Amino acid sequence: TGVQTCALPILPDGIPGFTNMYLWEPVDDAFEGKPRDGDFDATIIQHEYSHGLSNRYVGGGGLGSLGTTQSGAMGEGWGDWYAMNHLYREGLTRTAVVAAYVGDKHRGIRNWNYDENPLTYGDYGYDLTGPEVHADGEMWTATLWEMRTRILKAVGGDQRKASDIAEHIVTDAMPLSPQTPSMLDMRDAIVKAAEVRYGKKYLDQVWTTFANRGMGVSAKTKGETDTEPKPGFDVPGKAGNGRITFKAVNASTGKPVKDIRVLGGEFEARATPVATTNRAGIAKAAFVKGTHSLTFQAPGFGIQHETLRVTGDRVVRVALRPNVLSSQTGAKVLKTTSEQAATPASSILDDTEATSWRTADAGTAYNDGKDASVVVKLGKSSSIDTLGVSVYKPTTAPRFAAAKQVKVETSTDGKRWTVAKVAKFSFAGPRPTAPDLALQTLRLAKPVDRKSTRLNSSH
């Protein structure tokens with residue numbers, strides 16, 4: 001009993017395969033859903049059976065062909081995708097959710113409903129656990145699902161036809177790839193499979209999907225075990241792309257800002273940039289025409305999200321507001337109720353979600369729900385109108401240890417405090433997910449001039 005994992009052994013052709021199905025039961029600090037029998041969820045059964053296909057067909061099959069990093073993630077991703085593709089084709093579902101019976105009805109046991117999944121190749125290792133085949137497999141499923149959606153539109157909304165075309169392309173690609181492929185190896189195999197079976201008919205849909213998901217023509221990886229691949233958001237040729245020149249400036253001074261990471265997508269921690277600004281504040285990258293979510297991050301400027309619309313070549317001015325709660329701008333921790341040596345309170349001042357403040361272990365679960373606080377003195381008195389609050393946990397912390405509420409107070413003298421904003425974090429069962437805990441950007445009703453800030457967190 002316990003949390004079910006993928007249970008089909010990696011067996012080569014010639015050896016009969018088998019699968020084990022389990023009961024899902026609550027496990028403290030890992031999975032707090034209701035007891036469920038996985039045999040009653042078609043997506044789970046089809047996910048497991050799909051391992052039997054991918055393990056034996058990718059690169060000709062063989063022991064360990066999908067057993068490690070990017071290939072292992074694709075193995076999990078194919079399992080989800082084949083299940084949803086079949087259920088949609090048969091009219092048995094219209095919800096892009098895996099294991100809704102076992103987990104949350106809206107997103108199942110994954111981080112997102114696949115119709116809402118924002119992941120790109122540069123997000124590899126984004127999850128609260130760091131690189132992990134199920135979490136990173138979601139970016140592969142989301143890519144294939146977007147490709148299917150684009151094909152669906154191209155064939156006028158015919159679900160059965162779109163399903164058959166997408167499944168032919170995805171399945172035909174498997175023996176065209178090497179063993180233990182990277183996601184870019186499999187991208188190339190899918191492009192070739194689409195071309196061999198359908199000519200150029202669906203190549204636009206295929207390439208646009210991969211470009212949107214950061215696996216465009218300029219994407220790079222060191223190989224199958226690479227957990228920091230460099231994303232690329234462009235399609236072959238110049239006509240389908242816009243060459244974007246980012247010009248990053250300090251919104252307060254107008255001066256160029258160097259070392260700004262330009263990230264494709266919504267995540268910052270452990271994400272890999274598509275470009276980084278130079279001393280002149282300039283970074284360049286090509287993007288397929290359309291709309292892209294971008295994240296900008298740098299020491300002293302924190303994390304800022306923007307939407308980029310690409311219709312052709314252009315210069316994009318990015319005005320970045322200084323982060324006054326940064327050690328780079330002079331902020332210092334004056335005191336805290338508690339901290340661990342590896343995760344000190346000063347971690348809230350380093351402009352990244354990759355690290356965080358964690359209270360010391362008091363011998364009870366999550367310190368028995370007691371509040372914790374930290375007082376920060378700003379580098380100088382500042383006018384504050386926006387707060388960025390995140391409880392994104394480091395990979396070493398328990399998933400359930402994240403705070404559910406952070407109250408931000410400000411002061412002019414460090415003695416009298418005024419509540420500026422309360423950030424509330426919640427999650428649907430069976431466990432907190434990465435999007436639940438990620439950065440919230442909160443606007444104050446009116447700006448306040450303050451010298452100090454106090455954060456009070458509670459579980």
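Two strands count as paired if DSSP finds at least two bridges between them. Helices (H or I, at least four residues) and strands (E, at least two) are DSSP runs, numbered from the N terminus. This is a predicted model, in which local features need pLDDT of at least 70 and side-chain atom pairs count only at pLDDT 80 or more, while totals for chains, interfaces and linings use all residues. Residues are numbered from 1 along each chain as its sequence is written, and side-chain values use heavy atoms, with hydrogens and water left out.

The pLDDT, the predictor's confidence in each residue on a scale from 0 to 100, averages 93 for the protein chain, and 95% of the residues score at least 70. Over residues 1-6 the pLDDT is below 50, although this stretch has 23 contacts in the model beyond near neighbours in sequence; a contact means heavy atoms within 4.5 Å. Where pLDDT is low, the predicted coordinates should not be read in detail.

Strands of a sheet pair through backbone hydrogen bonds, either parallel or antiparallel. Here an open sheet of four strands runs in the order 5-4-7-8, with antiparallel pairing. Strand 5 (275-276) and strand 8 (302-310) are at the edges with a single partner strand each, so one side of each has no neighbour in the sheet. The partner of strand 8 is strand 7 (residues 290-298), and nine bridges join the two in the antiparallel sense. One of the bridge pairs is Thr-291 with Arg-309 of strand 8.

Strand 3 (residues 241-250) pairs with strand 6 in the antiparallel sense over seven bridges, and Arg-243 stands opposite Ala-286 in strand 6. With strand 9 (residues 314-320), strand 3 pairs in the parallel sense, also over seven bridges; Lys-247 has Arg-317 of strand 9 as its bridge partner. Eight of the 10 residues of strand 3 are buried, where buried means under 20% relative accessible area, exposed over 50% and partly exposed in between (1.4 Å probe, protein chains only).

Helix 6 (residues 203-212) is likewise mostly covered, with nine of its 10 residues buried. Those buried residues pack against helix 3 (133-154), helix 5 (183-198), strand 6 (282-288) and strand 7. Helix 3 and helix 6 pack at an angle of about 145°, their axes 9 Å apart. Axes are lines fitted to C-alpha atoms, for helices over the stretch in contact, and angles run from 0 to 180 degrees between N-to-C directions. Residues that make this contact include Trp-140, Met-147 and Ile-151 of helix 3 and Val-206, Thr-209 and Phe-210 of helix 6. After helix 6 comes Gly-214, with a positive phi near 80°.

Which residues have the most contacts inside the largest nonpolar core? Among them are Trp-78, Trp-140, Met-183 and Tyr-392, in a core of 88 residues. A nonpolar core is a set of buried Ala, Val, Leu, Ile, Met, Phe, Trp, Tyr and Cys residues joined through side-chain atoms within 4.5 Å. Helix 3 gives the most to this core, with nine residues. A second, separate core of 21 residues includes Ile-244, Ala-248, Val-257 and Leu-294.

Leaving aside neighbours within four places in sequence, Met-183 is in contact with residues including Gln-70, Met-74, Trp-140 and Met-215. Ser-182 lies in the loop between helix 4 (159-173) and helix 5 and is buried, with a relative accessible area of 2%.
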